[in-house]
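Keep the structure open as we go.

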Amino acid sequence: MTQSLTLRRPDDWHLHLRDGEMLRAVAPESARHFARAIIMPNLVPPVVTGAQAAAYRDRILAALPDGARFEPLMTLYLTEDTDPADVAAAHASGLVKAVKLYPAGATTNSASGVSNFDKVRPVLEKMAEIGLPLCMHGEVTDPEIDIFDREAVFIDRVLDPIRRATPGLRVVMEHITTAQGAQYARDGGEDLAATITTHHLVINRNHILVGGIKPHYYCLPVAKREEHRLALRAAATSGDPSYFLGTDSAPHVDALKEHACGCAGCFTATNTLSILAEVFEQDAALDRLEAFTSLNGPAFYRLPVNDTTLTLTKGAPVVYPEKIDAAGDTVTVFDPGFPLHWTVAT
Ligand SMILES: [Zn+2]
(Lines give C-alpha, C1' and ligand atoms only; values in the text may rest on other atoms or scores of the structure.)
Protein backbone atom coordinates (compact mmCIF):
# COMPACT_ATOMS: atom_id res chain seq x y z
CA MET A 1 0.00 0.00 0.00
CA THR A 2 1.34 3.42 -0.88
CA GLN A 3 1.49 5.77 2.04
CA SER A 4 0.84 9.36 1.17
CA LEU A 5 0.67 12.64 2.99
CA THR A 6 -1.00 15.79 1.69
CA LEU A 7 -0.02 19.16 3.11
CA ARG A 8 -0.92 22.73 2.45
CA ARG A 9 1.80 23.84 0.06
CA PRO A 10 4.88 24.70 2.15
CA ASP A 11 6.71 28.01 2.41
CA ASP A 12 10.38 28.59 3.14
CA TRP A 13 10.82 31.36 5.70
CA HIS A 14 14.59 31.79 5.15
CA LEU A 15 16.11 31.35 1.71
CA HIS A 16 19.19 32.53 -0.17
CA LEU A 17 18.67 32.84 -3.92
CA ARG A 18 21.76 34.96 -4.73
CA ASP A 19 21.74 36.78 -8.08
CA GLY A 20 22.69 36.41 -11.75
CA GLU A 21 23.68 32.93 -12.94
CA MET A 22 23.39 31.39 -9.48
CA LEU A 23 19.87 32.79 -9.07
CA ARG A 24 18.84 31.25 -12.37
CA ALA A 25 20.26 27.88 -11.30
CA VAL A 26 18.70 27.68 -7.83
CA ALA A 27 15.36 29.54 -8.10
CA PRO A 28 13.67 26.59 -9.88
CA GLU A 29 14.80 24.23 -7.09
CA SER A 30 12.78 26.19 -4.52
CA ALA A 31 9.88 27.05 -6.81
CA ARG A 32 9.28 23.36 -7.54
CA HIS A 33 7.92 22.67 -4.03
CA PHE A 34 7.48 25.93 -2.18
CA ALA A 35 4.80 28.55 -2.75
CA ARG A 36 6.60 31.44 -1.10
CA ALA A 37 9.92 32.21 0.51
CA ILE A 38 11.42 34.95 2.63
CA ILE A 39 14.34 36.06 0.47
CA MET A 40 17.53 37.00 2.26
CA PRO A 41 19.00 40.35 1.22
CA ASN A 42 22.75 39.65 1.64
CA LEU A 43 23.75 40.23 -1.95
CA VAL A 44 26.88 42.17 -2.87
CA PRO A 45 25.99 45.00 -2.44
CA PRO A 46 23.16 44.20 -0.02
CA VAL A 47 19.46 44.92 -0.64
CA VAL A 48 19.10 47.99 1.57
CA THR A 49 16.32 50.13 0.10
CA GLY A 50 12.79 49.48 -1.03
CA ALA A 51 13.82 50.30 -4.61
CA GLN A 52 16.58 47.70 -4.50
CA ALA A 53 14.17 45.11 -3.11
CA ALA A 54 11.70 45.82 -5.93
CA ALA A 55 14.43 45.39 -8.56
CA TYR A 56 15.66 42.16 -6.93
CA ARG A 57 12.11 40.81 -6.84
CA ASP A 58 11.82 41.43 -10.58
CA ARG A 59 15.08 39.53 -11.21
CA ILE A 60 13.83 36.59 -9.15
CA LEU A 61 10.54 36.44 -11.02
CA ALA A 62 12.43 36.56 -14.34
CA ALA A 63 14.57 33.59 -13.21
CA LEU A 64 11.60 31.30 -12.60
CA PRO A 65 10.63 28.59 -15.08
CA ASP A 66 7.59 29.30 -17.26
CA GLY A 67 4.39 28.65 -15.37
CA ALA A 68 6.03 28.52 -11.94
CA ARG A 69 3.88 29.89 -9.13
CA PHE A 70 6.31 31.18 -6.56
CA GLU A 71 6.10 34.39 -4.61
CA PRO A 72 9.32 35.92 -3.30
CA LEU A 73 8.69 37.72 -0.01
CA MET A 74 11.24 40.48 0.08
CA THR A 75 13.37 41.68 2.98
CA LEU A 76 15.62 44.66 3.59
CA TYR A 77 19.14 44.43 4.96
CA LEU A 78 19.37 46.56 8.08
CA THR A 79 22.37 48.89 8.21
CA GLU A 80 23.27 51.67 10.60
CA ASP A 81 22.11 54.09 7.89
CA THR A 82 18.71 52.50 7.17
CA ASP A 83 16.00 55.14 6.91
CA PRO A 84 12.89 54.30 9.00
CA ALA A 85 10.65 56.12 6.51
CA ASP A 86 11.93 54.03 3.57
CA VAL A 87 11.31 50.84 5.56
CA ALA A 88 7.79 51.95 6.44
CA ALA A 89 7.00 52.87 2.83
CA ALA A 90 8.33 49.54 1.50
CA HIS A 91 6.18 47.73 4.04
CA ALA A 92 3.08 49.82 3.36
CA SER A 93 3.34 49.09 -0.37
CA GLY A 94 3.22 45.35 0.38
CA LEU A 95 6.68 44.77 -1.09
CA VAL A 96 8.69 44.07 2.06
CA LYS A 97 7.68 41.46 4.63
CA ALA A 98 10.63 41.67 7.05
CA VAL A 99 13.93 43.37 7.82
CA LYS A 100 17.06 41.27 8.31
CA LEU A 101 19.59 42.06 11.00
CA TYR A 102 23.11 40.71 10.61
CA PRO A 103 25.63 41.54 13.30
CA ALA A 104 28.53 42.94 11.24
CA GLY A 105 30.82 40.10 10.18
CA ALA A 106 28.63 37.23 11.41
CA THR A 107 28.29 35.31 8.14
CA THR A 108 28.40 35.40 4.31
CA ASN A 109 28.23 39.00 3.03
CA SER A 110 27.46 40.57 6.40
CA ALA A 111 30.12 43.30 6.41
CA SER A 112 27.46 46.03 6.10
CA GLY A 113 25.58 44.75 9.13
CA VAL A 114 25.06 46.36 12.50
CA SER A 115 27.86 47.01 15.01
CA ASN A 116 26.23 49.69 17.16
CA PHE A 117 22.68 48.66 18.00
CA ASP A 118 21.83 52.14 19.32
CA LYS A 119 22.10 53.43 15.76
CA VAL A 120 19.25 51.23 14.53
CA ARG A 121 16.91 52.06 17.42
CA PRO A 122 14.70 54.45 15.37
CA VAL A 123 14.20 51.77 12.71
CA LEU A 124 13.34 49.12 15.31
CA GLU A 125 10.86 51.47 16.96
CA LYS A 126 9.20 52.15 13.62
CA MET A 127 9.02 48.41 12.92
CA ALA A 128 7.41 47.75 16.29
CA GLU A 129 4.84 50.45 15.53
CA ILE A 130 3.90 48.98 12.12
CA GLY A 131 4.23 45.29 13.06
CA LEU A 132 7.02 44.52 10.59
CA PRO A 133 9.07 41.49 11.72
CA LEU A 134 12.80 41.65 12.36
CA CYS A 135 14.69 38.53 11.25
CA MET A 136 17.79 38.19 13.40
CA HIS A 137 20.97 36.30 12.66
CA GLY A 138 21.54 35.51 16.31
CA GLU A 139 25.27 35.25 16.85
CA VAL A 140 27.65 37.64 18.55
CA THR A 141 30.79 38.42 16.57
CA ASP A 142 33.09 39.12 19.54
CA PRO A 143 36.29 37.23 18.67
CA GLU A 144 36.69 36.23 22.30
CA ILE A 145 33.47 34.21 22.27
CA ASP A 146 33.85 30.61 21.18
CA ILE A 147 32.02 29.93 17.91
CA PHE A 148 29.93 27.21 19.54
CA ASP A 149 28.72 29.66 22.24
CA ARG A 150 27.89 32.61 20.01
CA GLU A 151 24.16 31.97 19.74
CA ALA A 152 23.56 31.51 23.46
CA VAL A 153 25.61 34.63 24.27
CA PHE A 154 23.70 36.63 21.63
CA ILE A 155 20.41 35.87 23.34
CA ASP A 156 21.66 37.29 26.64
CA ARG A 157 23.73 40.19 25.34
CA VAL A 158 21.76 41.41 22.33
CA LEU A 159 18.38 39.82 21.70
CA ASP A 160 16.90 40.00 25.15
CA PRO A 161 17.97 43.65 25.73
CA ILE A 162 16.61 44.71 22.31
CA ARG A 163 13.27 43.05 22.99
CA ARG A 164 13.01 44.63 26.43
CA ALA A 165 13.88 48.06 25.04
CA THR A 166 11.44 47.76 22.11
CA PRO A 167 8.07 46.47 23.31
CA GLY A 168 5.93 45.20 20.46
CA LEU A 169 8.89 44.45 18.18
CA ARG A 170 8.15 41.17 16.35
CA VAL A 171 11.28 39.05 16.06
CA VAL A 172 12.15 35.86 14.22
CA MET A 173 15.24 34.14 15.59
CA GLU A 174 16.68 32.79 12.36
CA HIS A 175 18.08 29.28 12.04
CA ILE A 176 18.34 28.48 15.74
CA THR A 177 20.94 25.83 16.56
CA THR A 178 20.80 25.42 20.34
CA ALA A 179 18.56 24.21 23.14
CA GLN A 180 18.82 27.74 24.58
CA GLY A 181 17.52 29.22 21.32
CA ALA A 182 14.61 26.79 21.19
CA GLN A 183 13.65 27.52 24.78
CA TYR A 184 13.93 31.29 24.44
CA ALA A 185 11.73 31.22 21.32
CA ARG A 186 9.11 29.05 22.97
CA ASP A 187 8.90 31.19 26.10
CA GLY A 188 8.97 34.56 24.33
CA GLY A 189 5.29 35.17 23.72
CA GLU A 190 3.44 35.81 20.51
CA ASP A 191 5.85 38.45 19.17
CA LEU A 192 8.70 35.94 19.02
CA ALA A 193 9.27 32.90 16.80
CA ALA A 194 12.18 30.91 15.39
CA THR A 195 13.02 29.29 12.10
CA ILE A 196 14.78 25.95 12.05
CA THR A 197 16.69 24.64 9.05
CA THR A 198 16.48 21.18 7.56
CA HIS A 199 20.17 20.44 8.02
CA HIS A 200 20.28 21.38 11.72
CA LEU A 201 17.68 18.67 12.34
CA VAL A 202 20.05 16.14 10.78
CA ILE A 203 23.68 16.98 11.57
CA ASN A 204 25.65 17.76 14.70
CA ARG A 205 29.23 19.01 14.85
CA ASN A 206 30.65 15.50 14.58
CA HIS A 207 29.27 15.28 11.07
CA ILE A 208 31.51 18.20 10.11
CA LEU A 209 34.68 17.20 11.90
CA VAL A 210 34.95 13.44 12.51
CA GLY A 211 36.81 11.31 9.97
CA GLY A 212 38.02 14.28 7.88
CA ILE A 213 36.54 17.72 7.48
CA LYS A 214 33.27 17.77 5.51
CA PRO A 215 32.96 21.19 3.90
CA HIS A 216 29.42 20.58 2.66
CA TYR A 217 28.22 20.29 6.27
CA TYR A 218 29.82 23.59 7.26
CA CYS A 219 27.29 26.36 7.72
CA LEU A 220 26.67 29.32 10.01
CA PRO A 221 25.52 29.18 12.67
CA VAL A 222 27.67 26.06 12.84
CA ALA A 223 25.99 22.81 13.91
CA LYS A 224 26.38 22.18 17.64
CA ARG A 225 26.50 19.15 19.97
CA GLU A 226 24.06 16.26 19.65
CA GLU A 227 22.01 17.46 22.65
CA HIS A 228 21.24 20.65 20.74
CA ARG A 229 20.27 18.78 17.57
CA LEU A 230 17.86 16.71 19.65
CA ALA A 231 16.38 19.87 21.19
CA LEU A 232 15.80 21.27 17.69
CA ARG A 233 14.17 18.01 16.60
CA ALA A 234 11.86 18.14 19.61
CA ALA A 235 11.00 21.77 18.84
CA ALA A 236 10.34 21.30 15.11
CA THR A 237 8.23 18.18 15.57
CA SER A 238 6.27 19.59 18.52
CA GLY A 239 3.75 21.49 16.44
CA ASP A 240 4.37 24.53 18.69
CA PRO A 241 3.56 27.69 16.68
CA SER A 242 6.85 29.24 17.85
CA TYR A 243 8.74 27.19 15.26
CA PHE A 244 8.60 26.97 11.48
CA LEU A 245 10.74 25.98 8.54
CA GLY A 246 13.40 28.31 7.21
CA THR A 247 15.76 26.15 5.19
CA ASP A 248 18.58 28.70 4.98
CA SER A 249 19.36 26.86 1.74
CA ALA A 250 22.52 28.71 0.73
CA PRO A 251 24.26 27.80 -2.50
CA HIS A 252 27.99 28.21 -2.99
CA VAL A 253 29.81 26.69 -5.96
CA ASP A 254 31.84 23.62 -5.07
CA ALA A 255 35.12 25.36 -5.83
CA LEU A 256 34.41 27.76 -2.94
CA LYS A 257 33.10 25.08 -0.55
CA GLU A 258 36.00 22.67 -1.14
CA HIS A 259 38.59 25.34 -0.44
CA ALA A 260 41.22 26.25 2.15
CA CYS A 261 38.77 28.88 3.44
CA GLY A 262 35.50 27.21 2.55
CA CYS A 263 32.24 29.18 2.44
CA ALA A 264 29.47 28.55 4.99
CA GLY A 265 26.16 27.17 3.78
CA CYS A 266 24.23 23.99 3.06
CA PHE A 267 22.15 23.69 -0.11
CA THR A 268 18.92 21.89 0.78
CA ALA A 269 16.32 23.38 -1.59
CA THR A 270 16.30 20.29 -3.80
CA ASN A 271 15.54 17.59 -1.22
CA THR A 272 14.27 19.43 1.86
CA LEU A 273 10.75 18.03 1.83
CA SER A 274 11.94 14.43 1.42
CA ILE A 275 14.34 14.92 4.33
CA LEU A 276 11.75 16.56 6.57
CA ALA A 277 9.21 13.81 5.94
CA GLU A 278 11.85 11.23 6.86
CA VAL A 279 12.81 13.16 10.01
CA PHE A 280 9.22 13.65 11.17
CA GLU A 281 8.44 10.00 10.48
CA GLN A 282 11.49 8.91 12.49
CA ASP A 283 10.10 10.98 15.39
CA ALA A 284 6.52 9.67 14.93
CA ALA A 285 5.38 13.21 14.12
CA LEU A 286 4.24 13.10 10.49
CA ASP A 287 0.92 14.56 11.60
CA ARG A 288 2.78 17.70 12.70
CA LEU A 289 4.86 18.22 9.55
CA GLU A 290 2.24 20.52 8.02
CA ALA A 291 2.31 22.85 11.02
CA PHE A 292 6.07 23.22 10.65
CA THR A 293 6.22 23.64 6.87
CA SER A 294 2.92 25.30 6.01
CA LEU A 295 0.89 26.73 8.92
CA ASN A 296 3.03 28.24 11.68
CA GLY A 297 5.01 30.54 9.37
CA PRO A 298 2.02 32.25 7.74
CA ALA A 299 0.42 32.63 11.17
CA PHE A 300 3.44 34.51 12.51
CA TYR A 301 3.83 36.63 9.37
CA ARG A 302 0.06 37.31 9.39
CA LEU A 303 -0.33 35.98 5.86
CA PRO A 304 -2.94 33.52 4.60
CA VAL A 305 -1.96 29.86 4.32
CA ASN A 306 -1.52 28.66 0.75
CA ASP A 307 -4.66 27.55 -1.05
CA THR A 308 -2.90 24.72 -2.92
CA THR A 309 -1.54 21.44 -1.58
CA LEU A 310 1.46 19.19 -2.05
CA THR A 311 1.46 15.41 -1.70
CA LEU A 312 4.35 13.24 -0.51
CA THR A 313 4.32 9.52 -1.21
CA LYS A 314 6.43 6.86 0.45
CA GLY A 315 8.20 4.21 -1.59
CA ALA A 316 11.61 3.04 -2.77
CA PRO A 317 14.56 5.26 -1.85
CA VAL A 318 14.34 8.62 -3.59
CA VAL A 319 16.92 9.42 -6.23
CA TYR A 320 17.91 13.09 -6.18
CA PRO A 321 20.86 14.78 -7.89
CA GLU A 322 24.11 14.87 -5.91
CA LYS A 323 24.92 18.19 -7.55
CA ILE A 324 23.20 20.74 -9.72
CA ASP A 325 24.94 22.77 -12.40
CA ALA A 326 25.32 26.41 -11.44
CA ALA A 327 27.32 29.42 -12.51
CA GLY A 328 29.87 27.47 -14.56
CA ASP A 329 30.48 25.03 -11.69
CA THR A 330 28.34 22.76 -9.52
CA VAL A 331 26.52 23.12 -6.21
CA THR A 332 26.40 20.04 -4.00
CA VAL A 333 22.97 19.05 -2.73
CA PHE A 334 22.87 18.35 1.02
CA ASP A 335 23.36 14.66 1.83
CA PRO A 336 21.44 13.73 4.99
CA GLY A 337 23.46 10.54 5.34
CA PHE A 338 20.45 8.23 5.34
CA PRO A 339 18.12 7.05 2.59
CA LEU A 340 15.00 9.09 1.85
CA HIS A 341 11.73 7.34 1.08
CA TRP A 342 9.29 10.22 0.72
CA THR A 343 9.03 11.90 -2.63
CA VAL A 344 6.97 14.88 -3.74
CA ALA A 345 4.29 13.64 -6.13
CA THR A 346 4.08 15.57 -9.37
ZN1 LIG B 1 20.84 32.53 5.97
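Q: How many bridges join strand β4 to strand β5?
A: Strands of a sheet pair through backbone hydrogen bonds, parallel or antiparallel. Two strands pair if DSSP finds at least two bridges between them. Strands (E, at least two residues) and helices (H or I, at least four) are DSSP runs, numbered from the N terminus. Here 4 bridges join β4 (residues 71-77) to β5 (residues 96-101), and the two run parallel. T75 stands opposite A98 in β5. This is a predicted model: local features need pLDDT of at least 70, side-chain atom pairs count only at pLDDT 80 or more, and totals for chains, interfaces and linings use all residues. Residues are numbered from 1 along each chain as its sequence is written, and side-chain values use heavy atoms, with hydrogens and water left out.

Q: What is the strand order of the open sheet?
A: The order is β2-β3-β4-β5-β6-β7-β8-β9, 8 strands with parallel pairing. β2 (11-15) and β9 (243-245) are the edge strands, each pairing on one side only.

Q: Which residue forms a salt bridge with R59?
A: A salt bridge is a side-chain nitrogen of Lys or Arg within 4 Å of a carboxyl oxygen of Asp or Glu. That rule gives 15 here. R59 pairs with D19, the closest N and O atoms being 2.8 Å apart. R59 lies in helix α2 (residues 50-63) and D19 in the loop between β2 and α1 (20-31), so the pair ties together parts 40 residues apart in sequence.
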